[in-house]
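Please examine the sequence and the three-dimensional structure shown below. The paragraphs that follow lead through its charged pairs, its cores and one of its helices.

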Amino acid sequence: MGFLDQILRGQFSELPFYLLTLVIAFTLHEFSHAYFANKFGDPTAKLLGRVTLNPAVHFDLLGIILLLIAGFGWARPVPVNRDNFRKPRVMGVIVSAAGPLSNLLLAVLGAAIYAALILYGVVTPFGPQDKLSLALDTFFNLFVVMNFFLFLFNLIPLPPLDGYRILEDVVPRRISGKLQQFEQWSVLIFLIILIVPVLRQYTILPLYDASYFLSKHFLTFFHTILGG
């Protein structure tokens with residue numbers, strides 16, 4: 001199920017919160033790739049103006065639309081030239097992992113703030129809420145779940161996702177060479193998984209379930225350590 005499916009089922013008012021979350025999540029994700037690539041000696045992203053938190057630089061309209069409609073999408077990829085790294089494989093893993101880890105960081109930070117808002121009564125999910133309380137409740141709920149989803153989704157080891165780039169750098173060179181030979185077919189497999197409903201049910205949808213699971217348990221964790 002895509003996010004737009006949920007919105008069109010009577011929750012159109014949540015669309016601004018989805019979009020705001022996506023702008024923040026995608027921006028930090030791509031900035032993290034660009035920042036660490038530049039830090040490790042590859043100036044490609046910096047020369048293209050990608051080492052920035054300006055959303056307009058990282059925004060990809062088609063990717064956002066597809067995420068809303070189909071439940072998957074992308075920002076504008078950051079170009080990385082691993083040949084500029086002193087240790088291409090190690091630094092390549094860090095650069096690739098930086099994006100998903102930025103979403104994990106946002107999810108955990110969002111869960112901590114959300115738990116604090118609930119604990120101190122600013123947000124009351126199971127009680128009456130004014131407009132501000134409802135807006136905060138809606139935003140943080142979406143923000144935490146969606147960032148957990150983006151973290152998990154981007155770790156799938158199929159191109160063009162970060163998980164595949166990480167896999168390329170950690171396996172022996174002879175295997176990574178074979179992976180590159182079949183990369184075009186891997187992209188096709190990835191698209192089939194996303195498009196065919198039966199396959200989505202056993203691949204992508206469990207990621208949504210895992211995202212809600214993580215959101216619930218991190219909220220409980222922070223509620224406990226904050227004295228709830």
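Which side chain meets that of Asp169 in a salt bridge? The partner is Arg82, at 3.1 Å from N to O. A salt bridge here is a side-chain nitrogen of Lys or Arg within 4 Å of a carboxyl oxygen of Asp or Glu. The model is predicted: local features need pLDDT of at least 70 and side-chain atom pairs count only at pLDDT 80 or more, whereas totals for chains, interfaces and linings use all residues. Residues are numbered from 1 along each chain as its sequence is written, and side-chain values use heavy atoms, with hydrogens and water left out.

Asp169 lies in helix H8 (residues 162–170), while Arg82 lies in the loop between helix H5 (61–70) and helix H6 (88–119), so the pair ties together parts that are 87 residues apart in sequence. Helices are DSSP runs of H or I with at least four residues, numbered from the N terminus. Asp169 counts as buried, at 10% relative accessibility, and Arg82 as partly exposed, at 22%. Buried means under 20% relative accessible area, exposed over 50%, and partly exposed in between (1.4 Å probe, protein chains only).

The whole structure holds two salt bridges. In the other, the side chains of Glu168 and Arg165 meet at 3.0 Å, N to O. These residues are three apart in helix H8, and about one helical turn separates them. Glu168 is buried, with a relative accessible area of 11%; Arg165 is partly exposed, with 25%. Side chains of opposite charge can pair when their charged atoms come close.

Attention now turns to the nonpolar side chains. In soluble globular proteins, such side chains tend to be buried together. A nonpolar core is a set of buried Ala, Val, Leu, Ile, Met, Phe, Trp, Tyr and Cys residues joined through side-chain atoms within 4.5 Å. The largest such core has 19 residues, and those with the most contacts inside it are Phe149, Phe153, Ile156, Phe190, Ile204 and Leu207. Helices H2 (15–39), H7 (131–153), H10 (183–195) and H12 (205–225) each supply at least two of its residues. The largest share, five residues, comes from H7. A second, separate core of 15 residues includes Phe140, Phe148, Leu219 and Phe222.

Helix H7 itself has 23 residues and reaches 32 Å from its first C-alpha to its last, close to the 33 Å expected at 1.5 Å a residue. That expected span is 1.5 Å times one less than the number of residues.
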